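Visitor: Could you take me closely through one part of this model, the sheet that includes strand pairing in the parallel sense? I would like to hear what lies beside what.

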Amino acid sequence: MAPLFKMLEASFELFIPLVIAAIIDQGILRDNRPFVVQRFFVLLLLAVIGLTCAVTAQFFAAKAAVGFATRLRHSLFEHIQTLSFSEMDTIGTSTLITRMTSDINQVQSCVNMVLRLFLRSPFIVFGAMIMAFTVDVKGALVFVVTIPLLSIVVFTIMVITIPMFARVQKALDLVLTHTRENLSGVRVIRAFRKEKEETETFFRDNDILTRYQLAVGRVSALTNPLTLIVVDCSIVALVWLGAKEVYAGSISQGEVVALVSYMSQILVELVKLANLIVNITKSVACGNRIQAVFETEASIVSGTVCKDKESENSVVFDHVSMTYAGAKEEALTDIHFAAKKGQTIGVIGGTGSGKSSLVHLIPRFYDVSAGAVYVNGIDVREYDLEVLRSKIGMVMQKAVLFAGTIRENMKWGNQSATDEEIWNALRLAQAEDVVKGKEGELDFVIEQEGRNLSGGQRQRLTIARALVKNPDILILDDSASALDYATDAKLREALRTLSKEKTIFIVSQRTSSIRYADLILVMDDGVVTHQGTHDSLLENCEIYREIYESQFKKGGKSNEE
């Protein structure tokens, strides 16, 4: 509808120079005032019709552009949700945010302008040339030369600027990535007094972006002056030829004015078209970036198995190795163990030893590069992902809560959970006192990322959220690091009451958190060096013994006491 009404508007606009020519030749030169007044109202009518068509076209163009951007944003977001952790790590969060917002906004603006101008401007340009031939053939030949010259100028600049705009968007990604890192890590930056270095890095990235923007701006800025030069020279040629023909009596003064008016219309439309071309080049670069995300296929594809096998083992790692995307070395090497149903498995090791990488393989956040991970006797790669992850409750290292009430956050894994089930989970997670201390209790509104809660409160609520889900396998990935020792001890005691029903994985750097586990895995540089119970590891594993002794005083008394 938008191009249709724009074409109607342009059609009425092309008649205006002919009406003006008639006013000059038949009205002003013959001193025919009634004719001039009559033609004035014709011009007024053309203007009203044109305005109505323009407003209607603008309405439909805006509706189509916003609708397109909305659907595109929905589709992109839906596609991003299918990507695995590997793709998210490779592409980068900041880049995805830029493509979801800035890039789609640019494409939306382009769709709007294309619907309004992409057909209208060429129609006016070629329509004006055709109308010029109806006025005077010799004068119209100027249009035949002018239009190809203008086309060459516009499309040459377009070809040059498209790759330049792509570089601008990449530089923008770099600036946004650095900004996001600084905002999320501002406390660390201040703790290590790295403000000056981070500021210098930001200025360097921003200077690169500025240089790219100035370079593409300089090239794009040539569009208007070059088109103006061509059109102005054409107008001079028209006036010169027209004057000679008027003197020879071939055409009238009004017809010369009509030819100049048509050339002026071409000028206006080409200026608009030039701006549209600049917008299109930006949008093509942005569209290519959006398309690149759509073309990124998830490396983890859902299986088809929905039913478990009968197996005494809940989780089995069968000589598993794993390598992160783009990494040269393995993150995990030849991991082999079995966790029976109802057992508690402790995972301990230094920072970067691969503890989180190991437990991330169970819900299949990453895929193994060798070996296999089995849940209830079935390879996780054969499971339907939704079925697999419905069996697992995961509490990440970083406690993530979403804006909304405590009740809404608790129901993430189980929408049908009752308040009684939520309170039971809160008691087990030692978070009951946290909620009861808040105004409105379960209706207390949590801010984005739980900014209005302490670190320990966030961790207890995320543990409670996993318990509300009532999973077969519960994974606590260093999720009690912000808890004081007394609360941590109460939490361990509560979890031991669940161990008969569920298989629990506890990742921790505290030996006190895992000392009562049925099986403890000691990790070092991606390898399980030893596995066994607390007592056996104290005798046979030097790494475990060193960790234990660093946390406990002689005589068996803990530093935490």
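Guide: Strand β3 (residues 344-349) pairs in the parallel sense with strand β10 (residues 503-507) over four bridges, where two strands count as paired if DSSP finds at least two bridges between them. Within this pairing, T344 has I504 of β10 as its bridge partner. This is a predicted model, in which local features need pLDDT of at least 70 and side-chain atom pairs count only at pLDDT 80 or more, while totals for chains, interfaces and linings use all residues. Residues are numbered from 1 along each chain as its sequence is written, and side-chain values use heavy atoms, with hydrogens and water left out.

Both strands belong to an open sheet of six strands, ordered β6-β9-β10-β3-β11-β12, with mixed pairing; helices (H or I, at least four residues) and strands (E, at least two) are DSSP runs numbered from the N terminus. At the edges stand β6 (392-395) and β12 (527-532), and because each has a single partner strand, one side of each is left without a neighbour in the sheet. On average, neighbouring strands of this sheet are turned by 15 degrees against each other, direction ignored; axes are lines fitted to C-alpha atoms, for helices over the stretch in contact, and angles run from 0 to 180 degrees between N-to-C directions.

Helix α16 (residues 455-468) packs on the sheet, where it touches β6 and β9 (473-477), contact meaning heavy atoms within 4.5 Å.
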